[in-house]
Amino acid sequence: MRRRLHPGRRCPRRAARHRIPSPVPTLLHHRFAPPSDPAALGPAWCEQIAPMSRAELTRPAAGRVGLSTFHLGEVIVGEMAAPAQRLERTEQMIARQGLDHVLMQFHESGTSRVETARHRASVAAGQVVLFDLAQPVVVEADPVSATTLLMPRALVTDGVGPIEPLHGRAFAYEADPVKQLLHTYLRGLIACGTQLAPHQLSGVSQAASKLCGAGFRPEAGAADPVEFGTHVAIRQFIQRELHSADLGVETLTARFGLSRATLYRLFAAEGGVVHYIRDRRLMQALRLLTEAGSHRRVSQVAYATGFADEKTFSRAFRRRFGMLPREARAAAPAAPPPSGDAAVLHGWIRSLAA
């Protein structure tokens, strides 16, 4: 017997054919639009890149100026044409922003001069420079065009190793096939970025991460593959156990079956394993203090990141960032600004998993 339908009611199966499909999420793409007034270009540009650096134009902007970025879920890829400028990241800025990311800039034209606490370097066309956003830096740049890649530290260090000694250093990507392949891959992502579907973003992000690991891993003979794997495993364990007050040299030597001498040697580039653990704890504390909507007390953050007491934590925090924990929390906005170009980039950067 055929089921009768209520008058005016269509068959569910037939109705499904006419159902309006749900909208597909669009890829996050942001483009900086330079103002038409030349006098307003400098302030607009400085405001645009404020989420990463304090900028000051050193000459009036001439020629093309622009910034186009794609948020690919786990990484941010972009291309920029920047005016002559001075860029600076200070300890206070690091403390206010709470970023623990790595920025790579593939220079395609122009030159810049980079100064860190460890060294000075010049970056020319055909070179890529790495910036650890948890360390201070000053950059004096001519007009530069570059392709950029911004990634959470964990995505980089698990394939590359310690980032700290690479901060501010330049490498010739046109002379290295894997680095050149990474640059070509990023250019390809930008070219077809608006055509990518949301379900593809994780794959393309991971591909960028793998290429970084292949292109910036220590050269053959510079690091033993077994020790490199052990180093990665120890860093991952440290990151998981930052909350534990027992995390230290004794715990690591027992868990990984290493001597103290071997453990110290593995972390020599990071200033020693004790220094590395404390710095990771402080960066984790910084994120907890500066994340939007955080209401944790300073003492809660101290205990959550493995410090024995608030006084020890506050003293270490001030040595690292030049301000007290309560000052860093007060300096961080309660929430990202609701609108504006700088707010978009700020929100994207904060959304990347640390």
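1. Start with α4 and α6. In this predicted model, helix α4 (residues 153–160) packs against helix α6 (residues 201–216) at about 40 degrees, and their axes are 8 Å apart. The axes here are lines fitted to C-alpha atoms, for helices over the stretch in contact, with angles running from 0 to 180 degrees between N-to-C directions. The pair is therefore oblique, the class left over once angles under 35 degrees are called roughly parallel, over 145 roughly antiparallel and 65 to 115 roughly perpendicular. Helices (H or I, at least four residues) and strands (E, at least two) are DSSP runs numbered from the N terminus.

2. Who touches whom there? On the α4 side you have Leu155, Gly159 and Val160, meeting Gln206, Ser209, Cys212, Gly213 and Phe216 of α6; contact means heavy atoms within 4.5 Å. The tally for this contact is four nonpolar, four polar and no charged residues. For the classes, Ala, Val, Leu, Ile, Met, Phe, Trp, Tyr, Cys and Pro are nonpolar, Asp, Glu, Lys and Arg are charged, and the others, Gly among them, are polar.

3. α6 has another partner, α5 (residues 177–192), at an angle of about 160 degrees and with axes 8 Å apart. That makes α5 and α6 roughly antiparallel, and α5 passes α6 in a left-handed crossing. From α5, the contact uses Val178, Lys179, Leu181, Leu182, Tyr185 and Leu189; from α6, Val204, Ala207, Ala208, Leu211, Cys212, Ala214, Gly215 and Phe216. Sorted by class, twelve are nonpolar, one is polar and one is charged. Note that Cys212 and Phe216 of α6 also turn up in the contact with α4.

4. Now α10 (residues 273–290) and α12 (residues 310–321): their axes come within 10 Å and cross at roughly 95 degrees, so α10 is roughly perpendicular to α12. Residues from α10 include Arg278, Asp279, Leu282 and Met283, while α12 brings in Phe313, Phe317, Arg319 and Arg320, among others. This contact divides into nine nonpolar, one polar and four charged residues.

5. On to the holes. The whole structure has two cavities of 30 Å³ or more. A cavity is a set of points, on a 1 Å grid over the protein atoms alone, where a 1.4 Å probe fits but cannot get out, and lining residues have an atom within 4 Å of a point. Points are joined across faces, edges and corners, and the volume is the space filled by probe spheres set on them.

6. The largest cavity holds about 330 Å³. Its lining has 22 residues, with Ile49, Met52, Met80, Leu103 and Gln105 nearest the centre. By class, that lining is 15 nonpolar, five polar and two charged. β5 gives the largest share, four residues, and α14 (341–351) is one of the elements supplying at least two.

7. The second largest cavity comes to about 90 Å³. Of its 14 lining residues, Met80, Leu87, Gln105, Val139 and Ala141 are closest to the centre. Elements giving two or more residues include β7 (112–115) and β9 (127–132). The lining counts nine nonpolar, four polar and one charged.

8. Housekeeping. Residues are numbered from 1 along each chain as its sequence is written, and side-chain values use heavy atoms, leaving out hydrogens and water. Because the model is predicted, local features need pLDDT of at least 70 and side-chain atom pairs count only at pLDDT 80 or more, whereas totals for chains, interfaces and linings use all residues.

Notes. On a 1 Å grid over the protein atoms alone, a cavity is a set of points where a 1.4 Å probe fits but cannot get out, and a pocket is an open set with protein on both sides within 12 Å along at least five of seven lines; lining residues have an atom within 4 Å of a point. A crossing is left-handed if the near helix is turned anticlockwise from the far one by less than a right angle, and right-handed if clockwise.
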